Amino acid sequence: MERRRWYKDMVFYQVWPRSFKDGNGDGMGDLWGVLEKLDHIQSLGCDGIWFSPIYPSPGADCGYDISDYLDIAPEFGGMDAFRALLDAAHSRNMKIVMDLVVNHTSDEHEWFRKSRRRIEPYTDYYIWRPAGPGGKLPNNWDSNFEGKAWTFDPVRGEYYLHLFAVKQPDLNMDNPLVREEVKKILRFWLDLGVDGFREDVITYISKKDGLPNDHIFPIYKGMRHYNHGPRVHQYLAEFKQEVLDHYDCFTVAEAPLVWPRQALRYIREEGGQIDMMIQFQCQCADCLFTDYLPTKFSLRKLKRAYSSWQNRLRGKAWNALYLENHDHPRIVSRYGSEEYWAESAKTLAAAYLFQQGTPFIYQGQEIGMINWRPESPELYEDVQTRYNYTHSHTKEPAQKRLERLWRSSRDSARTPMQWDGTENAGFTTGKPWFSVNDSFRRINVAAQEADPDSILNFYRKAVALRKRLSCVRHGVYREHFRLSGRLYAYSMTGQKERILVLCSFSSRPMACPFPRGFDRKTARLLLGNYTAGAPEILRPWECRVYGWDLS
Ligand code: NOJ
């Protein structure tokens with residue numbers, strides 16, 4: 001079947017189900033809750049939902065440790081709720097995208113239970129290695145979450161590889177039987193009617209033969225031997241040709257550490273194996289590769305990332321655009337300003353929503369949710385956060401280490417969605433599974449519904465404007481005033497129209513420059529985050545979208 005490209009016209013909403021909305025009062029978000037809130041999602045102009053994993057899972061990594069790929073977890077409502085949701089979404093012309101997590105499973109998955117006992121055909125479903133002399137680890141790789149990448153299993157008497165938590169053993173994708181299982185999973189959900197997949201750390205699925213040691217100095221030792229590994233394109237092509245090409249669906253791949261040139265090998269429209277890529281460069285403007293290695297925010301770094309993806313993919317591949325997801329702290333608290341909270345949340349929205357690509361909006365982003373700052377490290381749930389707290393900077397005073405978590409933990413993106421100012425932020429009538437961010441009385445959906453100038457209503461306007469402008473989908477991106485460390489300015493020029501987006505990333509006013517060739521007099525202000533004012537000045541965190549008709 002010829003691949004259709006409908007995803008290019010869409011805007012997705014990401015639901016992290018545990019914290020979105022509880023429909024049955026047990027304190028945990030579920031699909032009944034999502035059903036209740038479909039109007040909210042659709043009101044943003046979103047026409048698709050990506051669900052972080054909703055399969056049965058022991059929850060060691062909040063669902064990214066799956067114990068059954070062919071079911072929906074009972075706490076989320078099971079298959080009945082899922083079918084009801086899928087029908088409801090489709091009847092609104094909304095698409096549903098599932099998270100496909102096949103680099104690893106849960107250690108409670110039946111495959112792993114059988115593999116550790118060497119029950120065929122599961123013996124080689126995972127990456128097992130004997131201990132070296134004196135119990136030595138098979139190599140020096142680090143896991144991304146919890147120390148070394150190897151754990152000894154006393155049942156089998158061997159080490160297994162886990163690039164993430166101890167309870168997330170890596171599958172052995174070199175085993176054709178494992179690849180058949182992946183195809184079975186894909187077919188199962190596609191036959192049920194889902195419209196696509198977000199593929200979790202899919203660039204990790206092929207490890208270098210021999211699993212060689214890495215040098216001793218890099219962070220995430222071993223990564224160069226498993227990220228973009230030797231057979232990754234071959235396996236992805238197999239999934240595409242044997243399954244995905246036979247359905248009207250799309251895929252978006254999560255890819256840590258990838259540059260546009262490399263990305264093109266995956267997502268090139270002619271000959272690629274997937275449709276879009278979630279890259280991390282746009283998340284590294286205030287850190288070195290991971291939020292746990294913070295640096296000062298650099299707008300120039302952010303602009304370089306944005307522009308290089310826009311320029312290098314143009315005409316060849318399609319971008320996935322995002323500001324937030326469940327793996328990073330809240331963007332207003334990172335790249336924006338809590339002091340200029342509403343202004344900066346809107347500016348950040350304008351900075352990415354008019355670029356070429358398919359935008360994703362993460363739950364809570366549309367109301368400018370901010371970082372969570374609990375009083376005790378004990379309150380954190382996330383496996384990666386807990387490990388970092390207990391293992392890094394251990395000589396620092398406890399308060400300083402706690403403050404590091406406030407700045408860096410992905411749990412800030414996982415507190416319950418703030419629906420209103422009532423108890424538990426309207427998320428549940430029960431006891432919430434996770435702490436609610438104290439900011440909920442000030443920052444919530446109900447309050448913003450009532451305010452025409454709210455962040456929520458800005459998102460609605462911005463998405464609607466984006467959808468009206470063909471230059472965003474078909475035009476040419478250009479960055480202006482590249483050297484400025486306070487202003488992000490870009491234009492999109494199509495056949496019929498042109499827009500100029502000006503975003504101040506500064507708490508001080510600045511002159512509002514127009515690039516050469518852009519006529520200030522004939523510019524129409526299409527969107528902004530301040531009411532009328534001096535056109536020649538950009539106020540703190542002001543953004544403006546100007547337009548010109550070219551026809
Ligand atoms: C990336 C996911 O987005 C993250 O939440 C998860 O912990 C890891 N992959 C492991 O599956």
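**Exercise 1. Find the polar contact that joins the side chains of H393 and R404, and place H393 in the fold.**

Step 1. The side chains of H393 and R404 form a polar contact of 3.5 Å. A polar contact is a pair of N or O atoms within 3.5 Å; within protein, one must be able to donate a hydrogen and the other to accept it, and residues adjacent in sequence count only if both atoms are side-chain atoms. This is a predicted model: local features need pLDDT of at least 70, side-chain atom pairs count only at pLDDT 80 or more, and totals for chains, interfaces and linings use all residues. Residues are numbered from 1 along each chain as its sequence is written, and side-chain values use heavy atoms, with hydrogens and water left out.

Step 2. Locate H393. The loop between α12 (383-391) and α13 (398-408) holds H393. Helices (H or I, at least four residues) and strands (E, at least two) are DSSP runs, numbered from the N terminus.

Step 3. Check the spacing. H393 and R404 lie 11 residues apart in sequence, with 9.5 Å from C-alpha to C-alpha.

Step 4. List the contacts (heavy atoms within 4.5 Å). Leaving out residues up to four places away in sequence, H393 touches R401 and R404.

Step 5. Is H393 buried, partly exposed or exposed? Buried means under 20% relative accessible area, exposed over 50%, partly exposed in between (1.4 Å probe, protein chains only). H393 is partly exposed because its relative accessible area is 35%.

**Exercise 2. Trace the pairing of β15 with β14 and β16.**

Step 1. Start with β15 (residues 487-493). Six of its seven residues are buried.

Step 2. Pair β15 with β14 (residues 476-480). Two strands pair if DSSP finds at least two bridges between them. Here the sense is antiparallel, over five bridges. E479 stands opposite Y490 in β15.

Step 3. Inspect the hairpin of β14 and β15. Six residues lie between the strands, and F481 takes a positive phi near 50°.

Step 4. Turn to β16 (residues 497-504). β15 and β16 pair in the antiparallel sense over seven bridges. L487 stands opposite S504 in β16.

**Exercise 3. Identify polar side chains at the ligand.**

Step 1. Read the distances to a ligand oxygen atom. For a side-chain N or O atom of D61, the value is 2.5 Å. A polar side-chain atom of H104 gives 2.9 Å. For H326, the value is 2.8 Å.
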